[in-house]
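User: Hi! Could you walk me through this one, starting with how to read the element labels?

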Amino acid sequence: MSVFDAVVLGAGAAGLFCAGVAGQRGLKVLLIDHSARIAEKIRISGGGRCNFTNLQGDRPECFISAQPGFARHALRAYRPAEFIALVRRHGIGYHEKHRGQLFCDDSSERIIDLLRREAELGGVAWRAPCPIGEVTALPPGQGDGARFEIATDGGPVRARALVVATGGLSIPKIGATDLGYRLARQFGHRIVEPRPALVPLTFDASRWAPWVPLAGVSMEVAISAPAHAGAPVFNEDLLFTHRGVSGPAVLQISSFWRPGEPLAIDLAPGRGADELVAWLTQRREQTRQQLATTLAERLPRRLVSLWLDQLAAQAPRLRAEARLAELGNRDLQTLSDALRRWTIQPSGSEGFRKAEVTVGGVATDELDPRTLASRRQPGLHFIGEVVDVTGWLGGYNFQWAWSSGYAAAQGIAAAARKPSVPAQ
């Protein structure tokens, strides 16, 4: 029976990178994936151009976890600049698109090819497609030093270290399963309840009906989840859809939102309350325009009429056809407050089928933050999305894949007392 220094389960971003790093550290590595078409999440990410990291991707405050700061050690051990250097060495062109987000100039296939070549340089063996069966912990003192036996369709293999890189539950149509969670529970680990994140939010059809005509309208907003103290406010674009809201603003806040909770949306981001009232007062003195016409100077015209219709139910003086010149200071303050805190309450989300990532996963309190090793089962590591570490939109989750994969590979190499070489 074949015995490997490390067997990596899952050939996604984290698993591929970990296998390549471990192989180049002198370890005998086997990479197993149940799918014939590996790294699908890389392939479809960023509209096919792969947002492979973020210039700020080593900031632990940009990651969500029940144990804040857990990701710090791995993120600092392998920073965005190091993966960017690797991208350059492979001759891959890239560009910064928005807020530090780095994308390939051409195709995400270039990142997959990079990871394949790095694995080849490390002499990594492959089994794909190869469904995984039972994983057994072997008694201590085996003659070959193996700690695990993994049943596969290609026959059993043994491993001195086992790396679980099977991902979360997002986008099941490309192969997502709960295998990683089942393995974690098998070895006594707790799971933070998984839920969809970076996902469009939906509304009750009857309650959303007034907003359906806005489908396709996009605008910059500041969005927050007021029920969560300390949750960030995101300044991003919001997109109206037939079923609810999406776009970067909603994807970002969806990681914090819980069913039954409201969202607060500032339709005039970047303007303080006093500044907005001052602008409205100035326009009141300059024009006899209708209120809708004035607001259309700052907001999408299609939104203005519908939004004012809804507002007029609570503030009748602020109807769309009202003359701005006829509104008093109190009216302008009411309007400013409403613009800066439009409250909506989603009924749900598009779920795992459209979620880019999964929040939750293997609880971090029983993982070593420096090596992602289990504190319960020697030789067992969890990396990538299967762990309860989730990044913001914009390349952070790929950076977590690279950093956690690197940390595990380094830890396994050190434990095996193999000679190490400088980070690539």
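Analyst: Happy to. Helices here are DSSP runs of H or I with at least four residues, strands are DSSP runs of E with at least two, and both are numbered from the N terminus. Please keep in mind that this is a predicted model.

User: Let's go to H13. How many residues does it have, and what is its reach?

Analyst: Helix H13 covers residues 396-415, which is 20 residues. From first C-alpha to last it reaches 28 Å, close to the 28 Å expected at 1.5 Å a residue.

User: What follows H13?

Analyst: Arg417 does, and its phi is positive, near 55 degrees.

User: OK, other end of the chain. What about H1?

Analyst: Helix H1 spans residues 13-24, so to speak a 12-residue run, and reaches 17 Å against the 16 Å expected at 1.5 Å a residue. With 11 of its 12 residues buried, H1 is also largely enclosed by the rest of the structure.

User: Which residues of H1 are buried?

Analyst: Among them are Leu16, Phe17, Cys18 and Val21, along with glycines such as Gly15, Gly20 and Gly23. H1 is followed by Gly26, whose phi is positive, near 95 degrees.

User: Switching to helix packing: at what angle do H4 and H5 pack?

Analyst: H4 (residues 80-89) and H5 (residues 109-121) pack at about 90 degrees, and their axes are 11 Å apart. Angles of 65 to 115 degrees count as roughly perpendicular, and H4 and H5 are therefore described that way.

User: Which residues make the contact?

Analyst: H4 contributes Phe83, Leu86 and Val87, while H5 brings Ile111, Leu114 and Glu118. By class, the contact of H4 with H5 has 5 nonpolar residues, no polar ones and 1 charged.

User: Now the loops. Where is Ser374?

Analyst: Ser374 sits in the loop between strand S19 (357-362) and strand S20 (380-382). Ser374 is buried, with a relative accessible area of 11%.

User: What does the side chain of Ser374 make a polar contact with?

Analyst: The side chain of His189, at 2.6 Å. The Ser374 side chain also reaches the backbone nitrogen of Gln377 at 2.8 Å. Leaving out residues up to four places away in sequence, Ser374 touches His189, Glu366, Leu367 and Leu380.

User: Tell me about Leu380 then. Buried or exposed?

Analyst: Leu380 is buried, at 1% relative accessible area, and belongs to strand S20. Beyond four places in sequence, the residues that Leu380 touches include Phe148, Leu162, Val164 and Phe187, as well as Ser374.

User: And what does Thr371 touch?

Analyst: Thr371 is in the loop between S19 and S20 and counts as buried at 18% relative accessibility. Not counting residues up to four places away, Thr371 touches His381, Ala407, Ala408 and Gly411. The last three of those lie in the residue range of H13, 396-415.

User: Nice. Where does Glu385 lie?

Analyst: In the loop between S20 and strand S21 (390-391). At 18% relative accessibility, Glu385 counts as buried.

User: What joins the side chains of Glu385 and Ser170?

Analyst: A polar contact of 3.0 Å. Other contacts of Glu385, beyond four places in sequence, include Lys41, Gly167, Val357 and Thr358.

User: Last one: is Gln56 buried or partly exposed?

Analyst: Gln56 is partly exposed, with a relative accessible area of 38%. You'll find Gln56 in the loop between strand S3 (51-54) and strand S4 (63-64). The C-alpha atoms of Gln56 and Gly394 are separated by 9.7 Å, although the two are 338 residues apart along the chain.

Technical notes
Residues numbered from 1 in each chain as written. Predicted model: local features only at pLDDT ≥ 70, side-chain atom pairs only at ≥ 80, totals over all residues. Heavy atoms only, no water. Expected span 1.5 Å × (residues − 1). Axes fitted to C-alpha atoms, helices over the stretch in contact; angles between N-to-C directions. Parallel < 35°, antiparallel > 145°, perpendicular 65-115°, else oblique. Contact = heavy atoms within 4.5 Å. Nonpolar A, V, L, I, M, F, W, Y, C, P; charged D, E, K, R; others polar. Buried < 20%, exposed > 50% of the residue type's maximum accessible area, 1.4 Å probe, protein only. Polar contact = N/O pair within 3.5 Å; in protein donor to acceptor, adjacent residues only side chain to side chain.
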